[in-house]
Amino acid sequence: MVMPHHGERPRSLETFPEHSPESPLSIHDMTVAYDRRPVLWDIEYEAPTGGRLIAIVGPNGAGKSTLIKACLGLLPTASGLIEIYGEPYRKQRSIVGYVPQRETVDWDFPVSALDVVCMGRYGLIGWCRPVSRRHREAARECLAKVGLSGLESRQIRRLSGGQQQRVFLARALAQEAHLYFMDEPFAGVDAATERAIVDVLRDLRDLGRTVICVHHDLQNVPEYFDEVILLNMRVVASGPVRETFTEENLLKTYGGRLTLLDEAANALARRGEPG
Amino acid sequence: MSAVVAAIASPGAEEIFRILTFRAGYNTSAVIIGAIMLGVAAGAIGVFALLRGRALMGDALSHATLPGVAGGFLLGTWMGFDPRSMPVLLTGATVTGVLGVLTVLFISRHTRLREDAAIGIVLSVFFGAGVVLMQVIARLDIGNRGGLQQFIYGQTAAMQGRDAMVLALLAVLVLLVSLAFLKEFRVVCFNAEYARAQGWPVGVIDIIMMTFVVLVTVVGLQMVGLILVVAMIVIPAAAARFWTDRLFVMLLTAAVLGGFSGYAGGAASAMAGGLPAGAVIVLASGGVFLLSMFFAPARGVVAGVVRTKRVHDRTNRQHLLRMLLEADEVGDAEGLTRTGVRSRRAWPGRSLGRAIRQLRSGGAIDVDPSGGLELTTTGREQAARVTRNHRLWEEYLVRHADIAPSHVDWSADLVEHVLSSEMVRQLEESVAARGGALPPSVHPLTGDPETAQG
């Protein structure tokens, strides 16, 4: 897989020279508002180049999903600039994968696990053409990668919760994207699924892909992720986990919520342990 | 009673046969063929309307056509056209129908009202406007104003071969479009937000879909009437959903069920001369729906009841096997009779008798003359597998209590099929550490758990 290359430097970079064109995701000065209430303001972020697993962490209502949706063009931004590998999102859609939150899925829909994974290939197939055998095979391989061989023709409601989550991960894989956004991929999954997801994410990183996950569980941030974005309506801190995921930054992000601080303390205590 | 039968008319067997085989005259055949074609078109497009959550939208759409029909009539009269010319009336119907849909979309997007409320408002206000305009027309001194009522209740008697041709063309068009855009429609109906994130123009795809809903509705107005036309769109699609879990199959099934309803309804109304075809067609599709709802093998009510019963039976058999094995483990299997089994566990109704009967006929247990239940060799193997599985799942829940039990696949016959071999090993160790016994796995745990499946 060849990383996207753009011979022409986008004009915007001259205005903001600190953003390198190779960054998988760079956000400058972004503000997002629902109705009258700003949800995110003055977001500045630049993802490092090369394969990274990045967690977006923050309290409820901090705007974690909103950040992802704004990057994907699903929400209008009040201001700001979002670039994916140096280009606006609408030019880069084919190399951006998305795993939505479980709750947004209609589980009773007449599709099988394989049908769902094939949707990841639709962009590659193009308008009005049927899913060919080649694409179906690619989708089958992705299902195998997440450990679901043999369940291809299962209607999705007849899968367990963890299996459902893995189907959506397989759909993202099938797209062969470079940058992935995942909205709480670990929410409510069983231990086997958690393991399977972590394995897949690490494979992606080794292939040089960038994965950005909204993540809830502070405890395993140091174990699973390389980078962290601490978010609470603004970016409190971002960077490598070792430098950024500190007690001080977590305090700034979560304010004085004691239970969460306990979790953070646990997480910090576990930082030294091998992953 | 006989008066009712007489009023419906009773054709002879020969006449019935002629109607069913399209040989009962030009008009009757045109009506039946037209009804079939409308059923096919509405059934196919209805699948996407239903899955996109737009079933009720069709109702708003059809009711909103009335002011367009009446307005078209008035405007046509004023401009000197023949006011009953179909193109004028149907154009009017399309204009206000689409306006109604757009109003619903506007209200639900820009206010906090939910779509059902928006549909209720638009449907009744537009229909009210239509009724007022109809009244205005009734008071005007225009020579020929008959025929407008047909748009409300539908009227097939005047149907010509040409109309049937138009409907056939529409059916072919809807099928072609449904197949061509199957992939696009599927992803948008399934998860519009994902589709949007992937760069599909969801708005354009929605418009293509709704265009055909509008076309089917407007063309169907004449035949079924605006009150009932939504039934043609919703019912065959909803019935088809009971038969399959595949979108493509559902599409074909809905088209076939819609076509069949049209055929049965059209023919029945021809036999009972004078019954309104639209209403009879809708009744026929209602019958198809009822049959599907109860008797469809995939998702029908009866199949569901049978499945539940089977799961209950299986669970009860497993409980009994496990109980006998555990009694064996502690050495008091001798003389575990029905009474003994009942004293250890509550068995509702005849569930114990059923479990014993089923296990006996499966050769898993024997009943000795004194009523004692004993495991056979086969039964012992089954019991060991069941017990192992249950104990591992229990251990899993204990160790991973943060996982909602609904996310654990209890239905799997063997824990090895769901959890990784490493996980199973960990669970085995932790059962052993707590002093629990565990029957050995029937699958060697060396390989990949996926390949062990079978």
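This is a predicted model: local features need pLDDT of at least 70, side-chain atom pairs count only at pLDDT 80 or more; totals for chains, interfaces and linings use all residues.

Colleague: Now the interface. How many residues of chain B are in contact with chain A?

Modeller: On the chain B side, 31 residues are in contact with 30 residues of chain A.

Colleague: Which helices of chain B supply at least two residues each there?

Modeller: Helix H10 (182-190), helix H11 (192-197) and helix H14 (247-271) of chain B. H11(B) gives the most, with four residues.

Colleague: And how do the residues on that side of chain B divide by type?

Modeller: There are 14 nonpolar, nine polar and eight charged residues on the side of chain B that touches chain A.

Colleague: Switching to chain A. What is the strand order in the open sheet?

Modeller: Six strands, in the order S5-S6-S7-S3-S8-S9 of chain A. The sheet is open and the pairing is mixed.

Colleague: Why do S5 and S9 of chain A each have one side without a neighbour in the sheet?

Modeller: Strand S5 (96-99) and strand S9 (235-240) of chain A stand at the edges. Each has a single partner strand, so one side is left without a neighbour in the sheet.

Colleague: What does the twist average from one strand to the next?

Modeller: The average is 15°.

Colleague: Tell me about S3(A). Which way does it run relative to S8(A)?

Modeller: Strand S3 (residues 52-57) and strand S8 (residues 227-231) of chain A run parallel, joined by four bridges. A:Ile56 stands opposite A:Ile229 in S8(A), and A:Val57 stands opposite A:Leu230.

Colleague: And how many bridges pair S3(A) with S7(A)?

Modeller: Five bridges, with S3(A) and strand S7 (residues 210-214) of chain A pairing in the parallel sense. Here A:Ala55 stands opposite A:Cys213 in S7(A).

Colleague: How many residues of S3(A) are buried?

Modeller: Five of its six, which leaves S3(A) mostly covered.

Colleague: Last one. Which strands of chain A does helix H11 of chain A lie across?

Modeller: Helix H11 (residues 247-254) of chain A lies across S8 and S9 of chain A. The helix runs at about 145° to S9(A).

Conventions. Residues are numbered from 1 along each chain as its sequence is written. Chains are lettered from A and ligands numbered from 1 in the order in which they are written. Two residues are in contact if their C-beta atoms, placed from the backbone, lie within 7 Å. Ala, Val, Leu, Ile, Met, Phe, Trp, Tyr, Cys and Pro count as nonpolar, Asp, Glu, Lys and Arg as charged, and the others, Gly among them, as polar. Two strands pair if DSSP finds at least two bridges between them. Axes are lines fitted to C-alpha atoms, for helices over the stretch in contact, and angles run from 0 to 180 degrees between N-to-C directions. A residue is buried if 20 or more other C-beta atoms lie within 10 Å of its own, exposed if 12 or fewer, and partly exposed in between; C-beta atoms are placed from the backbone.
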